[in-house]
Amino acid sequence: MSDWIRLRRFRRLYPESIVTVGSQVQDGADIGRGVVIRNSIVSRSSSIGRFTTIGENCRLAGLGRISIGQFCSIGPDCSIRSDNHRLDRISTYPFNQIEDGGAGTEKDYVAEPVSIGNDVWLGEGVTVLPGANIGDGCVIAARSVVARGEYPPYSIIAGIPGKVIRARIPAESIAAIQAAPWWNEAEDRIFGELRSELTRTVGEGDS
């Protein structure tokens, strides 16, 4: 498919988002309003919430569901995978891909969904493995590998494998946000009257 044809297709399928011509987005992917995808691969199993940005050379792939919330920042060169080679056979080699025309199927892989909450930031080169459930507001340090498991909201996660280093903001601030999630508000309000509140330093202006 030529670049021009691909670009026209993206404009037709995702008129309220920006998908660059170097991207590969499979039919069936759920792309929200205001999403930006820069020269990345997005599988049909992916759901990307509104105003999330996907940096250069990212790969979202796998048989399991990949769910990314709203207002996330996915840095360049990130990999998010939602399936694994089967471990219950003598060999882990995907023999069935030969007869299946190179397509991965449940014959050779086990699907494990990945969930990434809202307002999550993945640094450059982060790898998210099958079965990871990353809470709202988390920050993942560059080059970290996030394995299967639950990661609490507003955690800072770093390392190989990724571990929770500390909470990003105080517990009372986390509770207040979770009680009234700002990302569910109308766009005009988020980019208007709420913007100054969302961009202030935590603790600034608090009594």
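Let's start with Phe-95, which sits in the loop between β12 (83-85) and α2 (96-99). The element names come from DSSP runs, numbered from the N terminus: helices are H or I runs of at least four residues, strands are E runs of at least two. Phe-95 is exposed, with a relative accessible area of 52%. On the wording there: buried means under 20% relative accessible area, exposed means over 50%, and partly exposed is in between, with a 1.4 Å probe and protein chains only.

Before I go on, this is a predicted model, so local features need pLDDT of at least 70 and side-chain atom pairs count only at pLDDT 80 or more, while totals for chains, interfaces and linings use all residues. Residues are numbered from 1 along each chain as its sequence is written, and side-chain values use heavy atoms, with hydrogens and water left out.

Back to Phe-95. Together with Tyr-93 and Ile-98, Phe-95 makes a nonpolar surface patch of about 370 Å². A patch here takes residues with over 30% relative accessible area and no salt bridge, joining like charges within 9 Å and nonpolar side chains (Val, Leu, Ile, Met, Phe, Trp, Tyr) within 5 Å. The areas come from the Shrake-Rupley method with a 1.4 Å probe, and for residues only the protein chains shown count as cover.

Leaving aside residues up to four places away in sequence, Asn-96 touches Arg-89, Lys-107 and Asp-108, where contact means heavy atoms within 4.5 Å.

Now to helix α1, residues 3-13. Its buried residues are Arg-6, Arg-9 and Phe-10. They cover an arc of only 100 degrees around the axis, which puts them on the same side of α1; the arc is that of the directions from the helix axis to the C-beta atoms. The face turned away from that buried side carries the exposed residues Trp-4, Arg-8, Arg-11 and Arg-12. Among what covers the buried residues of α1 are β1 (18-19) and β2 (24-25).

Most residues other than glycine have a negative phi, and most peptide bonds are trans. Phe-51, in the loop between β6 (46-48) and β7 (53-54), has a positive phi near 65 degrees. Asp-119 has a positive phi too, near 55 degrees. And a cis peptide bond joins Ile-160 and Pro-161, with omega about -5 degrees.

Last topic, salt bridges. I'm counting a side-chain nitrogen of Lys or Arg within 4 Å of a carboxyl oxygen of Asp or Glu, and by this rule the count comes to 13. One of them pairs Glu-16 with Arg-33 (3.0 Å, N to O). Glu-16 lies in the loop between α1 and β1 and Arg-33 in the loop between β3 (30-31) and β4 (36-37), so the pair ties together parts that are 17 residues apart in sequence. Those two also belong to a network of salt bridges with Arg-50 and Glu-187.

Another salt bridge joins Glu-124 and Arg-143, with the closest N and O atoms 3.4 Å apart. Glu-124 is in the loop between β15 and β16 (127-128), and Arg-143 in the loop between β18 (139-140) and β19 (145-146), 19 residues apart.
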